[in-house]
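I opened a new notebook page for this structure. My plan was to look things up one at a time and write down what I found.

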Amino acid sequence: MEGYKTNMQQHIHDVAVCGYPLSIFFIVVNEFCERFSYYGMRAVLVLYFKYFLRWDDDMSTSIYHTFVALCYLTPILGAIVADSWLGKFKTIIYLSIVYTLGQVAMAVSAIHDITDTDKDGTPDDMTFHVVMSMVGLFLIALGTGGIKPCVAAFGGDQFSDSQEKQRRTFFSVFYLCINGGSLLSTIITPILRAQECGIHTKQSCYPLAFGVPAALMVVALVVFIVGSGMYYKAEPQGNIMMDVCRCIGFAIKNRYRHRSGRYPKRQHWMDWAEEKYDKLLIAQIKMVLKVLFLYIPLPMFWTLFDQKGSRWTLQATTMDGNFGALVIQPDQMQTVNPILILTLVPIMDSVIYPLIKKCGLNFTPLKRMTVGMFLAALAFVCAALVQVEIDKSLPTFPSASQSQLKLLNMGAEPLKVKLPDNVQLELPPNQVCQYLFKTTMYNIYSYRCRITVFILILTKRILKLECKYSKGLQAIVNSHRNNDANVQMYDFATFSTTFTIRSGSESCDYRREFGFGSSYTFLIHSTFKFGPSCHESISAVEDIKPNSVHMALQIPQYFFITAGEVMFSVTGLEFSYSQAPSNMKAVLQAGWLLTVAIGNFIVLIVAELAKIPEQWAEYVLFASLLIAVCFFFSIMAYFYTYMDPAEIEAQFKKNVDDDKDDRALKQKMNFAKDSVESDDEKDENKQTQL
């Protein structure tokens with residue numbers, strides 16, 4: 001096998017471009033397309049839940065983080081399958097097919113026309129869309145997680161031992177493709193989502209936003225298969241994680257069997273595995289367990305970090321994304337993260353860390369991770385402050401036990417209204433008045449959700465036509481004509497919209513500027529006549545004011561969370577790898593991914609169980625929890641003793657060799673002793689015979 005591998009690697013080295021095996025170019029393109037597919041789909045996912053499936057914020061957040069958690073659990077399964085059964089190449093092929101089917105299922109689930117039998121723009125059978133999307137997300141989680149630990153390692157296998165420099169460059173380019181795919185997809189897919197598409201009615205184009213990532217995944221699969229004949233495909237050699245689990249399981253079982261006090265205690269509980277497993281393996285597992293113990297507080301960081309794709313995106317939907325010449329979609333704010341990563345990583349490595357070192361401060365990896373956790377908590381404090389400002393600008397919505405009455409006076413004179421319990425209101429002309437009341441007062445207490453009741457006071461000869469805009473803008477157009485009026489809207493992709501009122505061959509254009517989150521009611525007065533000044537007979541009533549808090553206020557929280565990621569995640573992986581034996585890297589990688597999954601499950605628990613009414617309070621809760629965890633982690637880091645696994649392994653092997661030499665010397669001495677005793681016995685026999 002070794003000879004075969006050497007010959008294959010020599011062949012690969014011969015088929016090279018600029019000193020690099022030709023096969024790695026297919027792997028790099030595959031990774032770029034796959035990351036574009038994953039992050040592009042994930043960028044618009046929470047808005048798909050809220051605006052297409054009509055789930056509330058908590059439900060959307062819970063399902064989003066359940067999906068992310070599964071994406072970080074399945075890599076463990078993928079690594080075991082690749083190393084123990086199929087090999088890396090076949091695992092990537094099979095799970096990429098599963099991955100592609102999942103992306104296609106998501107694109108199909110977003111086509112509203114499939115179940116829109118009455119052609120009103122709203123799916124009539126939401127169950128179909130929910131089931132399709134859940135099946136798609138499960139397949140995507142299985143696919144993206146399963147190939148995650150295989151692609152980078154498979155690329156590294158393509159280099160010979162003499163190409164160490166090229167291998168390092170490959171990994172740098174490989175991770176650049178990850179960030180590049182993430183950045184481009186997070187910019188492009190929200191733009192695709194903001195378009196309008198449909199067969200019968202035009203709605204936000206989620207099918208296109210999911211369809212393009214699905215197409216990129218097909219491209220990734222095809223490109224990888226095309227390079228099949230150029231790859232070196234190593235046979236599965238067994239998975240170290242399974243050996244570690246078996247060894248730990250045997251140690252626990254053996255310790256339980258010998259729990260009685262009559263058995264002597266051992267220095268470490270893993271020493272109970274010495275009856276079956278090699279001492280070197282046990283020593284390596286001890287080093288890994290020491291690092292894994294430090295992982296216990298880490299999930300809390302990921303609890304906060306991954307909310308930039310859920311809670312922070314939902315927060316951006318209540319903000320103003322108009323940057324003048326550029327209009328930012330709420331889900332595009334996530335692009336700030338990869339941009340800052342590409343900026344901060346070289347700054348930290350080249351400027352910040354060397355400067356701290358010159359100041360004489362011992363800024364150890366564990367101290368960096370502690371600071372990173374604190375920065376993430378600070379980011380959520382910023383998010384809470386932004387949320388407080390947003391809450392000030394939002395309209396007053398009814399609580400779970402209330403209903404809301406909106407009264408609209410379309411007349412030219414003030415109008416007095418008398419409500420139950422002797423409540424009297426005076427409605428100004430062409431304005432809306434809102435009134436909150438307890439649900440039981442109007443005998444509709446059986447509704448447990450928020451109820452909004454619209455009562456429109458209409459003048460005679462009024463024709464009402466509602467036109468709702470799914471991107472956060474709503475217009476209610478009220479037209480009165482003796483004959484039918486046809487109202488059409490154009491150019492809703494921008495914030496300037498044209499309404500065209502048609503009656504036979506006559507038409508009137510009315511143009512209005514909108515803002516994020518605004519709602520208007522347009523009144524067409526009885527004096528309306530078609531002509532150049534027809535728009536003067538149309539008046540607008542502002543039901544809900546546009547979002548006034550600008551999205552730029554989210555930049556500080558993105559800066560702190562990204563700086564925390566650089567100091568926590570990058571340093572954490574570097575520290576973990578430096579503290580583990582060379583053959584245990586996969587175990588630590590699995591443990592690290594497990595902390596991400598647990599962190600997302602924590603979000604799920606808080607969102608579903610805590611039910612905190614105020615969003616800013618939830619942000620403060622998460623920040624407080626991370627600060628508390630940061631304090632305990634700093635204590636653990638203070639008492640941690642750094643190791644050199646290579647030196648420990650070398651010393652251990654030396655001791656084992658010394659033991660072998662001692663046993664060999666002892667055997668020689670015993671053999672010599674036996675030889676002397678044998679000679680003495682012979683002399684005795686001779687004397688006896690004589």
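My entries follow, from the whole chain down to single residues.

**Ground rules.** I am working with a predicted model, where local features need pLDDT of at least 70, side-chain atom pairs count only at pLDDT 80 or more, and totals for chains, interfaces and linings use all residues. Residues are numbered from 1 along each chain as its sequence is written, and side-chain values use heavy atoms, with hydrogens and water left out.

**Whole chain.** I started with the secondary structure and found 18 helices and 16 strands in the protein chain. Helices (H or I, at least four residues) and strands (E, at least two) are DSSP runs, numbered from the N terminus. Next came burial: 47% of the 690 residues are buried. Buried means under 20% relative accessible area, exposed over 50%, and partly exposed in between (1.4 Å probe, protein chains only). Then I checked contacts, meaning heavy atoms within 4.5 Å. Among those between residues at least 6 apart in sequence, 72% join residues at least 24 apart.

**Cores.** Which residues touch the most other members of the largest nonpolar core? I found Leu-45, Tyr-48, Phe-49, Phe-67 and Phe-210, in a core of 133 residues. Helix H14 (residues 365–393) gives the largest share, twelve residues. A second, separate core has twelve residues, including Phe-499 and Phe-522. A nonpolar core here is a set of buried Ala, Val, Leu, Ile, Met, Phe, Trp, Tyr and Cys residues joined through side-chain atoms within 4.5 Å.

**Around Tyr-48.** I set aside neighbours within four places in sequence and listed the contacts of Tyr-48. Among them are Met-106, Ser-109, His-129, Tyr-206 and Phe-210. I then looked from the other side. Ser-109 is in helix H5 and counts as buried, at 0% relative accessibility. Not counting residues up to four places away, Ser-109 touches Tyr-48, Phe-52, His-129, Met-132 and Ser-133.

**Tyr-64.** This residue is in helix H4. Tyr-64 counts as buried, at 0% relative accessibility. Beyond four places in sequence, its contacts include Leu-45, Phe-49 and Asp-306. I also compared Tyr-64 with Gln-307: they are 243 residues apart in sequence and 9.4 Å apart in space, C-alpha to C-alpha.

**Aromatic rings.** I counted 36 aromatic pairs. Rings of Phe, Tyr and Trp (its six-membered ring) pair if their centres lie within 6.5 Å; planes under 30 degrees apart count as stacked, over 60 as edge-to-face and the rest as tilted. Phe-89 and Phe-224 are stacked, 5.6 Å centre to centre with 25 degrees between the planes. Phe-89 lies in helix H5 (residues 88–109) and Phe-224 in helix H8 (residues 206–226), so the pair ties together parts 135 residues apart in sequence. Both Phe-89 and Phe-224 are buried. Tyr-640 and Tyr-642 are edge-to-face, at 5.4 Å and 90 degrees. Tyr-640 is buried at 10% relative accessible area, while Tyr-642 is partly exposed at 36%. Ring pairs also link Tyr-48, Phe-49, Phe-52, Trp-55, Tyr-206 and Phe-210 into a cluster.

**Charges over rings.** A charge sits over a ring if NZ of Lys or CZ of Arg is within 6 Å of the ring centre and within 35 degrees of the ring normal. I noted Lys-233 over the face of Phe-89, at 4.2 Å from the ring centre. Arg-259 has its charged end over the ring of Tyr-256, 4.1 Å from the centre.

**Helix lengths.** The expected span is 1.5 Å times one less than the number of residues. H16 (residues 585–610) has 26 residues and should span 38 Å; its end C-alpha atoms are 37 Å apart, which agrees. Lys-611 follows H16 with a positive phi, near 50 degrees. H8 has 21 residues and reaches 31 Å, close to the 30 Å expected.

**What covers H9?** Helix H9 covers residues 240–257. Its buried residues include Ile-240, Val-244 and Phe-250. The cover over the buried residues includes H4, H10 and H16.

**Strands S6 and S7.** S6 (residues 415–419) and S7 pair in the antiparallel sense over five bridges; pairing takes at least two DSSP bridges. Lys-416 stands opposite Glu-426 in S7.
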